Amino acid sequence: MKEDGCILCKVLNQKQKTQTEIHHLRSGQGMSQRGVKCIPLCVEHHRGDTGFHGLGRRGFERLYNISENELLEAWGYQSGISIDWDKF
Ligand SMILES: [Zn+2]
Ligand SMILES: [Zn+2]
């Protein structure tokens, strides 16, 4: 997974400028480890001023017109492998 670049940079066709980090999606309720999914995001798009945690979920979705679940789908598609998410 570290080999992967930022999925948002890919979607936006941008050149990635910062390191790749893993963003964990918390879908659904509770703190169960099951069903935790993650996507690679660069530092800027993860926690920078234009990043998911910098903008918050709503701001992020509005700015890029894409949700984290859509990014997850895009990443699954681009990486071309199916992942057994229960391992994470
Ligand atoms: Zn990025
Ligand atoms: Zn995150």
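These legends cover close-up views of a predicted model.

Local features need pLDDT of at least 70, side-chain atom pairs count only at pLDDT 80 or more, and totals for chains, interfaces and linings use all residues. Residues are numbered from 1 along each chain as its sequence is written, while chains are lettered from A and ligands numbered from 1 in the order in which they are written.

**View 1. The largest nonpolar core.** Ten residues form this core: C6, I7, L8, I39, L41, C42, F52, F60, L71 and W75. Two or more residues come from each of α1, β2 (37–42), α3 and α4. β2 supplies the largest share, 3 residues. A nonpolar core is a set of buried Ala, Val, Leu, Ile, Met, Phe, Trp, Tyr and Cys residues joined through C-beta atoms within 7 Å. Buried means 20 or more other C-beta atoms within 10 Å of a residue's own, exposed 12 or fewer, and partly exposed in between; C-beta atoms are placed from the backbone. Helices (H or I, at least four residues) and strands (E, at least two) are DSSP runs, numbered from the N terminus.

**View 2. Contacts of L41.** Neighbours within four places in sequence are left aside. L41 then contacts C6, I7, L8, E21, H23, H46 and F52. Contact requires C-beta atoms, placed from the backbone, within 7 Å.

**View 3. N13, a non-glycine residue with positive phi.** Its phi is about 60 degrees. N13 sits in the loop between α1 (7–12) and β1 (20–25). N13 is exposed, with 6 other C-beta atoms within 10 Å.

**View 4. N65, with a positive phi near 55 degrees.** N65 is not a glycine either. The loop between α3 (52–64) and α4 (68–79) holds N65. N65 counts as exposed, with 8 C-beta neighbours inside 10 Å. Most residues other than glycine have a negative phi.

How values were computed
Two residues are in contact if their C-beta atoms, placed from the backbone, lie within 7 Å.
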